[in-house]
Amino acid sequence: VKTLTGFSFVHFSNHDAYILKERVAENGNKPGSHISFHAMIRTILYWKRWPHFVATALVFGTWSPFTTYTPTIFTTLDFNRSEANALTAVGGFGTLLVVVLFCWLSDKTKMRCLWVCIPTLLYMIVLILLRELQQGKGRWSKFALWTIANVFAVGYHPGQNTWLQLNCPSAEERAISVSLWVMSAMVGLMCGSEIFQGFDASNYYPVGLLAMIIMVAAGLGVDLIQGTIYLLHNANCRRRNDHSLIHHVI
């Protein structure tokens, strides 16, 4: 796969490329390859995957205040609008590095639950440090704290998506589950846009940050519940000697 620059960032072996082409051709030519109503209802009612959606709504919702208010917060630190926008981009670049790192670790170790929970935990710790340490600090210290929070805000997110998709046994369930996951993320973002309020702005949103910490902690708890559900499910499958339904957990 090559980009506009001509450099290749994704490499498939000849064997992998052959399998990919055959699967695309098979799914495209299969009669009734559209998503059936029955598959949609079955996927929606499969409660064992719902913690993925709840955790995503809770934790991803806390990203909304950062995307909306970070440039404005930086302007209150005596940076002009251009400087504030440029400084905001530092957090975005750091986010890319963090996401790639945690995705690589998740894929390398195959410990899907672990590499969703660790980035979420780190994000919660960073939010606590931001709330507790920013008061009385200079503008560059505040900039550093807010930037680090931005960097860790979505480190768990691609890993959550991968973990969900790996536990969908069919293309139909995968498509529907990812749609539900995206909807959950959007609901979280819409609700998260109300976290920072005007009365809280003068002190750099301590009440809003407390709400975000609680949401992230709740999301981490739900992720642990998700892992526990899969562990119990897998133990039950092994007792029945039905290894085809084993879920990816850790």
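What does the accessible surface of the protein come to, and what percentage of it belongs to carbon and sulfur atoms? After that, please take a close look at helix 2 and what it gives to the nonpolar patch.

Modeller: Happy to. A word on the ground rules first: this is a predicted model, in which local features need pLDDT of at least 70 and side-chain atom pairs count only at pLDDT 80 or more, while totals for chains, interfaces and linings use all residues. Residues are numbered from 1 along each chain as its sequence is written, and side-chain values use heavy atoms, with hydrogens and water left out.

Now your question. The accessible surface of the protein is about 13900 Å², and 68% of that belongs to carbon and sulfur atoms. Such areas come from the Shrake-Rupley method with a 1.4 Å probe, and for residues only the protein chains shown count as cover. Of the 250 residues, 40% are buried; buried means under 20% relative accessible area, exposed means over 50%, and partly exposed is in between (1.4 Å probe, protein chains only).

For orientation, the protein has 10 helices and 0 strands. Helices are DSSP runs of H or I with at least four residues, strands are runs of E with at least two, and both are numbered from the N terminus. Among contacts with a separation of 6 or more, 73% join residues 24 or more positions apart, a contact being heavy atoms within 4.5 Å.

With that in place, here is helix 2. A nonpolar surface patch of about 860 Å² is made by Ile 35, Phe 37, Met 40, Ile 41, Ile 44, Leu 45, Trp 47, Trp 50 and Val 54. Two elements give two or more residues to this patch: helix 2 (37-44) and helix 3 (50-60). Helix 2 gives the most, with 4 residues. For patches in general, the residues must have over 30% relative accessible area and no salt bridge; like charges are joined within 9 Å, and nonpolar side chains (Val, Leu, Ile, Met, Phe, Trp, Tyr) within 5 Å. Ile 41 is one of the patch residues and sits in helix 2. Ile 41 counts as partly exposed because its relative accessibility is 33%.

Side chains of opposite charge can pair when their charged atoms come close. The rule for a salt bridge here is a side-chain nitrogen of Lys or Arg within 4 Å of a carboxyl oxygen of Asp or Glu. Arg 42 forms one with Glu 173, with the closest N and O atoms 3.4 Å apart. Arg 42 lies in helix 2 and Glu 173 in helix 9 (residues 171-192), so this pair ties together parts that are 131 residues apart in sequence.

Another joins the side chains of Asp 107 and Arg 112 at 3.7 Å, N to O. There, Asp 107 is partly exposed at 45% relative accessible area, and Arg 112 is buried at 7%. A further one joins Arg 131 and Glu 132 at 3.0 Å, N to O. In that pair Arg 131 is partly exposed at 23% and Glu 132 is exposed at 51%. Coming back to Arg 42, salt bridges that share partners join Arg 42, Arg 49 and Glu 173 into one network.

Trp 146 is in helix 7 (residues 139-152) and Phe 196 in the loop between helix 9 and helix 10 (206-239), 50 residues apart. Both are buried: Trp 146 at 0% relative accessible area and Phe 196 at 3%. The pair belongs to one aromatic cluster of Phe 66, Tyr 69, Trp 146, Phe 196 and Tyr 205.

Definitions and conventions: Phe/Tyr/Trp six-rings, centres within 6.5 Å; stacked < 30°, edge-to-face > 60°.
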